[in-house]
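Biologist: I would like to learn how to read salt bridges in a model. Please show me the structure and take me through some cases.

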Amino acid sequence: MMPQTAIFTTLLVASLLFFCWSVYRRFSLVLYGQPEQRLDQPGRRLAEMFLYAFAQLRVLKKPFGLNHFVIFWSFMILALANGEFLVNGVFPSVSLALLPDGVHRVLLIAFDVVSLLTLVAIALSFVRRLVVRPPHLDSLYVKGRSPEAFLILSFIALLMLAYFGLHGSLVALGTENDPAAMPISSLVGAGLAAHPSMISTVYVVSWWLHALVLFAFICFLPHSKHMHILTAIPNCYFGALTWPATQPREKFEKGAVYGVGTVERFTWKDLFDSFTCTECGRCQAACPATNTGKPLNPRQIVHAIKTNLLENSHALREGRSGTLPLIGAEGEGTNTEEAIWSCTTCGACMEACPVLIEQMPKIVKMRRHLVETESRFPEELLNLFENMEQRSNPWGIAPGERAKWVSTLPVKPFVAGETEYLLYVGCAGSFDSRAKQVTVALATVLNAAGVSWGILGKDEKCCGDSLRRLGNEYLFEKMALENVELFRERGVTKVITLCPHCLTTLKNDYRQYGLELEVVHQSELIAELIRSGRIKLDKKDGSFGRIAYHDPCYLGRHNDIFDAPRTLVQSATGSAAVEAERTGRNSFCCGAGGGRMWMEEFTGERVNHARVDELLAQKPDTICVACPYCMTMMEDGLKDKGAGQVRVKDVVEVLAEGLLRKNA
Amino acid sequence: MLVVVCVKQVPDTTQVQIDPVTNTLIREGVPFIVNPYDTHAVEQALRFKDRFGCRVAAISMGPPNAEATLRKALAQGVDRAVLLSDRTFGGADTLATSKVLAAAIEKLAQEEEVGVVICGKQTIDGDTAQVGPGIATRLNFSQLTLVDRVDDLDISGKKIRVSRKLEGRHEHVEAPLPVLLTVVRELNRPRYPTVAMRLDSADAQVEVWDNKVLQLDVNSIGLKGSPTWVSRIFSPERAKGEMLGDGVHDPEGAAQLLIDKMLEKDLLAL
């Protein structure tokens, strides 16, 4: 064996052993997590993996994602070239030249072109991190200009330069067997030909540089955020098959542990997520809490899980919980309680993550621990919890007043067999004076369209949405079970909701209790009535002026209802609503979701102010919403901003007034 | 030392209406809650437990379903719960009620010295604020009503220092133990039971004491022992309101008028 081969083989084996050991040490930590089913439906999982990992669907949603796409696919193609390099270093007689000439030729062209593309992409990455410096690259503990990021970029660039040095010198030496297939290497070769004395040196240096950088990369990979090269693809395979905003049930029995208070209480998938995050910062760029100066950053939540797991790994391996607390301390590897309570559960982080990490459910799991095990939560919530438990509504208003909105309207009670739909009014629609106007508008429209509907009146109970998002799963379960029984008893099968939070709870959460209802949001039903001609609007209502539509998170992102509310605006006014900068799937929260409706907002800018500013930039006369929480937040925001001349309307109010004009 | 906290199950008065014909409360379908002031009393007892390690007993006089109220106290962490329930206790006014509660406290004291008894300042159904003082008088305990802060409890020195919330002022007082406190909402923020405590309390034992246990003269308790009776309950007639100023065009002026009016009628405590 040549000495070069011997040294190469030794270093390669050592690197591979170190790599395997490192990967084993890290991945074995994942197994300390709790069980979770993520292996069902392999066909669908493969499809998701193809879409998100290989086709990079989410990565490409941002312009610079193209750069990553180029690097990713170059990496995939060059894996062949690098594989050849490693095998060839050990067995000099084995190379891709053994393949049929045609195939080999295509590969050579591809390697050459792709290596150049990668060099360009890496150069752009350097410019981005050094010059452009997008703010979302920096979090508290990981900076965009971190040595680690530049080390990785340099590794890749050096590999490409070594590739061209190596093949350029081979071309110059005349030993490359198909130089015509290597346009860039040939150019380098031509350059080198002018300095014949240097060619062999360039060859040896390039060869060793290529070898050593590869070995260093192999060794460093499992210890860096670049581990995503190994984890991102499986993470997309293990991703949630349904939108993961619906929290899993808990089992309430003596001696059980509730929520997540220590890192090993997370599921293995939660822990795997933390090893997958490559700190791209897209979640933090989308997060309403981060954007308004709250201590919550979804990226840091994931980072804290990883750091905490590694920090406590020694204890975990000995069967103990670690000493670094997951919740309550300051610093890296732990989450402050304020951060955990700052989440609006809007889901923007999950929507942004290119590799399907589920940030928001992790926060709710920690809230469960705080509420159910520690009984520690912001003091405003005590009233909420008591009101919910005693009077089944967040305000603590007497349940007997639930149907007061009806007043003199012709509203019938729901009777199975006689009425088609139950109108589940919800707490806001029943008790909040502004939302009650929306309920009345909805009732008017439903009656005008001849829909058969009824209400439960004072027997209606709160759906429990806020409790579940706030982590009070025990009380949520109690209320969910009561509601499920009530719906079964009354023979309810089809439900209209006024509020997207009721919608999601009845439709997605109650399914876990075996109740399958056909639940529609009012805007969906009305859009359908317009389509089928049961609602006709010929006189367009121009009194609302320019309308900007704000997507409620629980209607849009969480339930995929984007078009229906816009249809209502379009039909009633004859013109489409204008869109805010962040709209549709990327809409920005009003600040009230996740139980934040019932909490004070002390730190930073108010979320509703940020959103109102964004909507006001469109110069609207009216802001349209389709959620009672958004209604409150927008109205308050406009008042605070001194923009009281701009009105806030629910889409159904706009439609109802359109109908009134028609009938006038 | 034992701390005894008295709790009462009351109808949720926000949901109570008065039958216009019979002039009685319509109690049907009205849910029961723990008297809100009593939740602060329980919290204070638990704080004594946390700080000094004393035991806490919760007692309640009421029908068998009042057990739910005691169960809630158990979920929050009291060590013992006693329901005083007997047909002969029924229909009691504040005098007869305080006799029964005082007798129960005396019985508890036979097992362990009672240092502090805590009650809410009043119940939201009767609103008399008489039962707490009635117990103190019968037991010959120091009596500190309307407590909004406990400054110090000195168990070995047998004394307590508290702040009392009076109209427009606070009073700082010290009294020897044993003492009875009645407490206001400002005193504390009641704790929220953890799930584990809720599940444990579901199986915990609520003792039921009837008059066989207390051995009181049946003529001194319940309806027979109650000199007060309610002849009529009614909602006060509300005089029609008047419009003040022009809130649409001059909101500041209207607000000022309203404030002046309220000051004039002494509705704003300054």
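**Reading salt bridges**

Modeller: B:Lys212 is exposed, with a relative accessible area of 68%. Here buried means under 20% relative accessible area, exposed over 50%, and partly exposed in between (1.4 Å probe, protein chains only). This is a predicted model, where local features need pLDDT of at least 70 and side-chain atom pairs count only at pLDDT 80 or more, while totals for chains, interfaces and linings use all residues. Residues are numbered from 1 along each chain as its sequence is written, chains are lettered from A and ligands numbered from 1 in the order in which they are written, and side-chain values use heavy atoms, leaving out hydrogens and water.

Biologist: Which side chain meets B:Lys212 in a salt bridge?

Modeller: Side chains of opposite charge can pair when their charged atoms come close. A salt bridge is a side-chain nitrogen of Lys or Arg within 4 Å of a carboxyl oxygen of Asp or Glu. The partner of B:Lys212 is B:Asp210, at 3.9 Å from N to O. B:Asp210 is partly exposed, with a relative accessible area of 24%.

Biologist: How many salt bridges are found over all chains?

Modeller: The search of the whole structure gives 59. One of them joins A:Glu279 and A:Arg299, 2.7 Å from N to O.

Biologist: Are A:Glu279 and A:Arg299 buried or exposed?

Modeller: Both are buried.

Biologist: What about A:Arg469 and A:Asp509?

Modeller: Their side chains meet in a salt bridge of 3.0 Å, N to O. A:Arg469 is buried, with a relative accessible area of 1%, and A:Asp509 is buried, also at 1%.
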